[in-house]
Amino acid sequence: MRAGPLSDSAVIETLDEGFVSTWILAKDLPGVAADESLDAEVRRIAGEVHGRYAYPVDTQVLAPDGRFLGQRPANGATGGARGYRDFLTGSLKDL
Amino acid sequence: MPHAPTLASCALAALLIPALRAQDDADPPPASGEPLVIDAEWAAVESSLYNLFRQVPELKELGERGPAVPSAPLEPGALDALRPPAKIEEGEVWKPDSAPLVELLKRFHPGARGRLRFSFHNGARAYLLERSEERTDVLVRLHAEFQIAEDVWYTPAQFEGRLVWEDDALVTLSLALPPRDTNVDTNAKLAEHGFLAADIGYCPRMRLRARDAHEGPERDLAPARRALALAFYRFAAIDWLPFPDAVARARAEKKPLHVLLLFGTLDDESC
């Protein structure tokens with residue numbers, strides 16, 4: 001991911017313009033889901049994202065309300081940067 | 001009492017100014033001063049996903065033995081290659097020769113290498129924090145790894161270094177693995193299986209530090225760290241938010257959320 005899609009100008013531009021981005025260690029998500037100092041929606045979404053996590057590197061796209069829109073595990077993913085950009089934009093068709 | 005410049009003084013100035021400018025543009029002279037004594041600390045990896053750091057004999061031994069050279073002097077000019085060229089201004093990043101830093105890493109283990117096997121984000125980048133007549137202050141980021149044995153590799157996330165020269169003498173040196181969980185990757189061939197296994201863990205302390213060195217000036221290093229990350233990774237330009245903040249912003253701005261889930265950290269070489 002570092003040297004592939006995330007180093008591509010078009011992917012970076014797509015993310016900057018159309019998305020809010022976050023990265024997190026999958027092992028930290030259960031802690032977020034259990035953290036009672038956080039908003040209940042944040043905790044719920046963290047739990048759901050972790051439940052879908054595909055080891056070792058995974059991308060998920062969610063609607064602004066946290067609804068699941070799409071997933072792209074890095075293992076087995078094809079198409080390089082173009083494929084990643086198509087995944088991002090394709091995930092928005094159900095928005 | 002001030003007086004108007006004469007033709008002769010103007011001519012003298014005209015002769016002198018190019019000479020001074022040429023001197024200004026020159027790279028700094030070799031460092032002088034006394035050798036610094038550098039102390040090395042290297043703690044065992046405390047936790048990892050698959051426990052490889054304790055299972056593989058060569059990795060276990062690293063944790064028990066510590067650095068190869070716990071303490072030794074450093075010659076004054078040893079890190080001259082890290083001094084900023086004259087054309088570099090405060091707030092700018094440049095790409096120095098990383099070889100002297102890799103040489104320094106051999107104090108941890110002689111297998112230090114400046115070229116990563118599985119990444120092209122190699123070497124060092126440096127950021128000029130300050131340059132004045134008295135002081136040159138530099139923050140450096142280095143990517144390197146260690147070949148511990150033929151099929152055993154130890155890859156720290158990154159090293160962050162601070163170097164300060166005063167009156168051409170190196171007075172401060174630190175080079176350390178940031179203590180972020182997780183911050184070390186390993187690949188090791190398991191004798192019983194014959195394949196190359198991977199693990200990622202947390203090393204709480206891996207640093208080189210000049211003994212009795214002057215403290216560098218207190219500074220907000222966040223802009224320099226960001227600039228150095230950006231010099232290695234184009235994606236560092238993306239406005240990445242912590243997970244809870246990203247969920248809140250997506251909701252507030254009615255934007256979709258892009259969540260990258262990882263086994264190891266994104267913006268370093270620990271995975």
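This briefing describes how two protein chains are arranged and how they meet. The structure is a predicted model, in which local features need pLDDT of at least 70 and side-chain atom pairs count only at pLDDT 80 or more, while totals for chains, interfaces and linings use all residues. Residues are numbered from 1 along each chain as its sequence is written, and chains are lettered from A and ligands numbered from 1 in the order in which they are written. Helices (H or I, at least four residues) and strands (E, at least two) are DSSP runs, numbered from the N terminus.

**Where chain A meets chain B**

- In total, 40 residues of chain A are in contact with 31 residues of chain B; two residues are in contact if their C-beta atoms, placed from the backbone, lie within 7 Å.
- On the side of chain A that touches chain B, at least two residues each come from helix H1 (9-18), strand E1 (20-25), helix H3 (40-52) and strand E2 (58-62) of chain A.
- E1(A) gives the most to this side, with 6 residues.
- By class, this side of chain A has 28 nonpolar, 7 polar and 5 charged residues. Ala, Val, Leu, Ile, Met, Phe, Trp, Tyr, Cys and Pro count as nonpolar, Asp, Glu, Lys and Arg as charged, and the others, Gly among them, as polar.
- Across the two chains, E1(A) pairs in the parallel sense with strand E15 (residues 257-262) of chain B over 6 bridges; strands pair if DSSP finds at least two bridges between them.
- A:Trp23 has B:Leu260 in E15(B) as its bridge partner.

**Helix packing**

- H3(A) and helix H6 (residues 243-253) of chain B pack at an angle of about 110 degrees, with axes 10 Å apart. Axes are lines fitted to C-alpha atoms, for helices over the stretch in contact, and angles run from 0 to 180 degrees between N-to-C directions.
- H3(A) and H6(B) are therefore roughly perpendicular to each other. Angles of 65 to 115 degrees count as roughly perpendicular, under 35 as roughly parallel, over 145 as roughly antiparallel and the rest as oblique.
- In this contact, A:Glu41, A:Val42, A:Ile45 and A:Ala46 of H3(A) meet B:Phe243, B:Pro244 and B:Val247 of H6(B).
- By class, the contact of H3(A) with H6(B) has 6 nonpolar, no polar and 1 charged residues.
- Within chain A, the axes of H1(A) and helix H4 (residues 80-91) come within 9 Å and cross at roughly 20 degrees; the two helices are therefore roughly parallel to each other.

**The sheets of chain B**

- Strands of a sheet pair through backbone hydrogen bonds, either parallel or antiparallel.
- One open sheet of chain B has 6 strands in the order E2-E13-E12-E9-E8-E5, with antiparallel pairing.
- Strand E2 (47-48) and strand E5 (112-113) of chain B stand at its edges, each with a single partner strand, so one side of each is left without a neighbour in the sheet.
- Another open sheet of chain B has 8 strands in the order E3-E1-E14-E11-E10-E7-E6-E4, also with antiparallel pairing.
- Its edges are strand E3 (71-74) and strand E4 (93-94) of chain B, each with a single partner strand.
- Between E7(B) and strand E10 (residues 159-166) of chain B there are 8 bridges in the antiparallel sense, and B:Arg141 stands opposite B:Glu160 in E10(B).

**A loop residue**

- B:Glu133 lies in the loop between strand E6 (123-131) and strand E7 (135-143) of chain B.
- B:Glu133 is exposed, with 6 other C-beta atoms within 10 Å; a residue is buried if 20 or more other C-beta atoms, placed from the backbone, lie within 10 Å of its own, exposed if 12 or fewer, and partly exposed in between.
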